[in-house]
Amino acid sequence: MSQSVDIAALANLLQEAAVKEILPRFRNLESGAVRMKSEAIDLVTEGDEAAERLIKSKIDAVAPGAVFIGEESAAADPALLDKLADAELAVVVDPIDGTFNFAAGLPLFGVMASVVAKGETVAGIIYDPLGNDWVIAEKGSGAWMCRPNGSQEKLSVTAGVPLGNMVGGASTGFYKEDNRRIVMGNLAKVRIATSYRCAAHEYRIFAAGHLHFLMYQKLMPWDHLAGTLIAEEAGAYAARFDGSRYLPAHTDGGLLLATDRESWEALRREVFTV
């Protein structure tokens with residue numbers, strides 16, 4: 001339990017939202033159920049909104065007194081983000097991470113929640129509706145794959161490798177065009193760089209030892225707080241591009257995660273140079 005939050009109950013609440021509001025709409029979205037927010041690659045669906053409403057309606061039972069910050073709630077009221085840095089307790093939710101994939105019928109999306117206490121992320125959960133399992137971390141307790149039958153498996157990032165052998169995820173879409181050209185050219189120095197358009201699954205497979213690095217340019221708390229804590233608890237090194245810690249209040253400065261600090265330094269120096 002983290003700061004008066006029932007983590008198991010929060011995990012189950014994410015599952016309930018998926019079962020009741022997300023999965024019935026997967027590959028079954030009616031006309032008008034998908035809308036563009038800021039641009040064509042930034043979407044919201046009825047599934048996002050309905051899942052967030054359900055979670056918000058029940059959050060007091062699992063996190064009494066917590067400030068609730070959901071992606072769709074913050075889209076309607078951006079001032080919500082200002083409460084995160086100073087809140088005694090907050091729960092941050094991404095009702096569907098990978099909305100683009102969900103709307104396109106691709107089975108690669110997740111539900112994420114993090115618990116923030118006094119400006120620090122203290123717990124993170126990433127639920128996979130299709131796999132029906134959770135990756136969960138509480139600060140100082142490791143990162144765990146939790147299955148509905150009660151079994152648990154401790155997660156650990158893989159060992160570091162030379163730059164040319166690295167396989168990782170890089171979200172380059174929010175760079176300015178000139179900088180994007182530089183970074184995408186530099187990515188030729190690693191073995192494979194990809195993007196699943198779903199941070200939830202990228203963090204899960206990184207923490208499970210299947211990738212060597214992750215990079216994100218745009219930092220919104222619902223996208224990265226849970227995953228960064230999970231990755232760190234699995235042994236990863238994470239920092240913004242200037243080397244500073246990534247904290248819940250940060251929305252810029254980039255984020256780079258690697259299997260260890262030496263790999264982080266090599267990636268920052270050789271690839272993510274702008």
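**Entry 1: the seven-stranded sheet**

I began with an open sheet of seven strands, whose order is β3-β4-β5-β6-β7-β8-β9 with mixed pairing. The edges are β3 (67–70) and β9 (152–154); each has a single partner strand, so one side of each is left without a neighbour in the sheet. From one strand to the next, the twist averages 20°.

I noted the basis of all this: the model is predicted, local features need pLDDT of at least 70, side-chain atom pairs count only at pLDDT 80 or more, and totals for chains, interfaces and linings use all residues. Residues are numbered from 1 along each chain as its sequence is written, and side-chain values use heavy atoms, with hydrogens and water left out.

I also noted the terms. Strands (E, at least two residues) and helices (H or I, at least four) are DSSP runs numbered from the N terminus. Two strands pair if DSSP finds at least two bridges between them.

Strand β6 (residues 120–128) and strand β7 (residues 133–138) are antiparallel and share six bridges. G124 has A137 in β7 as its bridge partner.

Helix α7 (residues 221–233) packs on the sheet and touches β3, β4, β5, β6, β7 and β8 (143–146). Its direction makes about 100° with that of β6. Helix α2 (residues 46–62) lies across β3, β4 (90–97) and β5 (110–117), at about 155° to β4. For such angles, axes are lines fitted to C-alpha atoms, for helices over the stretch in contact, and the values run from 0 to 180 degrees between N-to-C directions.

**Entry 2: the five-stranded sheet**

I found an open sheet of five strands in the order β11-β10-β12-β14-β13, again with mixed pairing. Here β11 (192–194) and β13 (237–239) stand at the edges with a single partner strand each, so one side of each has no neighbour in the sheet. Neighbouring strands are turned by 15° against each other on average, direction ignored.

Strands β10 (residues 167–171) and β12 (residues 213–216) run parallel and are joined by four bridges. G168 has F213 in β12 as its bridge partner. Helix α6 (residues 199–207) lies across β12 and β14 (255–258), at about 155° to β12. Helix α8 (residues 261–270) lies across β12, β13 and β14, at about 135° to β14.

**Entry 3: H224**

I looked up H224, which is in helix α7. H224 is buried at a relative accessible area of 3% (buried is under 20%, exposed over 50%, partly exposed in between, with a 1.4 Å probe and protein chains only).

The side chain of H224 makes a polar contact with that of Y203 at 2.8 Å (a pair of N or O atoms within 3.5 Å, one able to donate a hydrogen and the other to accept it; residues adjacent in sequence count only if both atoms are side-chain atoms). The H224 side chain also reaches the backbone oxygen of K218 at 3.2 Å. Beyond four places in sequence, the contacts of H224 include A199, Y216 and L255 (contact means heavy atoms within 4.5 Å).

**Entry 4: salt bridges**

I noted 13 salt bridges in the structure (a side-chain nitrogen of Lys or Arg within 4 Å of a carboxyl oxygen of Asp or Glu). One of them joins K189 and E270 at 3.3 Å, N to O. K189 lies in the loop between α5 (177–186) and β11 and E270 in helix α8, so the pair ties together parts 81 residues apart in sequence. K189 is partly exposed at 36% relative accessibility, and E270 is partly exposed at 28%.
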